[in-house]
Amino acid sequence: MKLNLLAANLAICEAVFALPTDTLEKRATVQGFDISHYQANVNFGGAYSSGARFVIIKATEGTTYIDSSFSSHYNGATAAGLIRGGYHFALPASSSGATQANFFIAHGGGWSGDGITLPGMLDIEYNPYGATCYGLTKTAMVNWIQDFVNTYHSKTGRYPMIYSTNDWWTTCTGNSAAFRTTCPLVLARYSTAGPGTIPGGWPYQTIWQNSDKYTYGGDSDIFNGGLTGLKKLATG
């Protein structure tokens, strides 16, 4: 009888260890999305009904641009019951990190402890207007980001999320690990196979932008955890 029980337990263990790795690593996730003025009409209610629970909305770029749809998008997201926050598209060659952080905070990128506001997100990536790294050295780029991060933290009490790709981060910051313990990583990689290589010493991505097409508007984002974790990100 005991031998039969032992054999049964061994069989169960063998079956578990034979499972594919992706089966063992499955965990809760939360659907979200990100948008800007390019998405004039967003179905926030439809997104919520389909399971989305957060949205990140473009607020500013550099120190001269305020997204024309930010207020309407923000209000629409709030009315639908979504956790929401703003993002800033960085232009490191045009002004200091501190200057851009202050501009962002002044035009929708701040944070409050109301439980439905995400910390602001710094979108730092390929330069759409010129040189990939904005003409900055790796050291200068890390210093610029640190200036933004420190200013945002001092004004809001929260560290901003950082959005980038593995390739850009490695190329333009030298794969800096300076922000791995403070700033949640939002990693862009359009794939069905997972987020891929995590840069900068971050142990994992907090949010994965997995597609540039989301049914209800904008890009698809996946929070790496359950709803409780998402709410914790919002509350601090």
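Welcome to the tour! A search of the whole structure turns up one disulfide, a term used here for a pair of cysteine sulfur atoms within 2.5 Å. A disulfide is a covalent bond between the sulfur atoms of two cysteines.

Before you click on anything, here are some ground rules. This is a predicted model, in which local features need pLDDT of at least 70 and side-chain atom pairs count only at pLDDT 80 or more, while totals for chains, interfaces and linings use all residues. Residues are numbered from 1 along each chain as its sequence is written, and side-chain values use heavy atoms, leaving out hydrogens and water.

**Stop 1: the whole protein**

Start with a cartoon view. The secondary structure comes to eight helices and nine strands. Helices (H or I, at least four residues) and strands (E, at least two) are DSSP runs, numbered from the N terminus. Of the 236 residues in the protein, 48% are buried. Buried means under 20% relative accessible area, exposed means over 50%, and partly exposed is in between (1.4 Å probe, protein chains only).

**Stop 2: the disulfide**

Now select Cys 133 and Cys 172. These two residues are joined by the disulfide, with an S to S distance of 1.9 Å. Which parts of the chain does the pair tie together? Cys 133 lies in the loop between β5 (121-123) and α6 (138-156), and Cys 172 in helix α7 (residues 166-173), so the linked parts are 39 residues apart in sequence. The torsion about the S-S bond is about -75°, so the disulfide is left-handed. Cys 133 is buried at a relative accessible area of 16%, and Cys 172 is buried at 1%. Select Cys 183 as well: this cysteine is buried, at 1% relative accessibility.

**Stop 3: where α6 meets α7**

Show helices α6 and α7 together. Their axes come within 7 Å and cross at roughly 115°. Axes are lines fitted to C-alpha atoms, for helices over the stretch in contact, and angles run from 0 to 180 degrees between N-to-C directions. The two helices are therefore roughly perpendicular to each other, the word for angles of 65 to 115 degrees (under 35 counts as roughly parallel, over 145 as roughly antiparallel, and the rest as oblique). To see the contact, select Lys 138, Met 141, Val 142 and Ile 145 of α6, then Trp 168, Trp 169, Thr 170, Thr 171, Cys 172 and Thr 173 of α7. By class, this contact has six nonpolar, three polar and one charged residues. Here Ala, Val, Leu, Ile, Met, Phe, Trp, Tyr, Cys and Pro count as nonpolar, Asp, Glu, Lys and Arg as charged, and the others, Gly among them, as polar.

**Stop 4**

Most residues other than glycine have a negative phi, and most peptide bonds are trans. Select Tyr 134, in the loop between β5 and α6. Tyr 134 has a positive phi of about 60° although it is not a glycine, and it is buried at 8% relative accessibility. Next, go to Asn 175, in the loop between α7 and β7 (185-188). Asn 175 also has a positive phi, of about 60°. Is Asn 175 buried or partly exposed? With a relative accessible area of 34%, Asn 175 is partly exposed.

**Stop 5: Ile 57 and its neighbours**

Select Ile 57 in strand β2 (residues 54-61). Ile 57 is buried, with a relative accessible area of 0%. Beyond its neighbours within four places in sequence, Ile 57 is in contact with residues including Ile 35, Phe 70, His 73 and Tyr 87.

**Stop 6: Arg 53**

Move to Arg 53, in the loop between α3 (44-49) and β2. Arg 53 is partly exposed, at 22% relative accessible area. Setting aside neighbours within four places in sequence, its contacts include Val 30, Tyr 48, Leu 227 and Leu 230.

**Stop 7: Asn 224**

Finish at Asn 224, in the loop between β9 (219-223) and α8 (227-235). Asn 224 is buried, at 19% relative accessibility. What lies 2.9 Å from a polar atom of the side chain of Asn 224? Look for the backbone oxygen of Gln 205. Not counting residues up to four places away in sequence, Asn 224 touches Arg 27, Ala 28, Tyr 204, Gln 205 and Thr 206.

How values were computed:
Contact means heavy atoms within 4.5 Å. A polar contact is a pair of N or O atoms within 3.5 Å; within protein, one must be able to donate a hydrogen and the other to accept it, and residues adjacent in sequence count only if both atoms are side-chain atoms.
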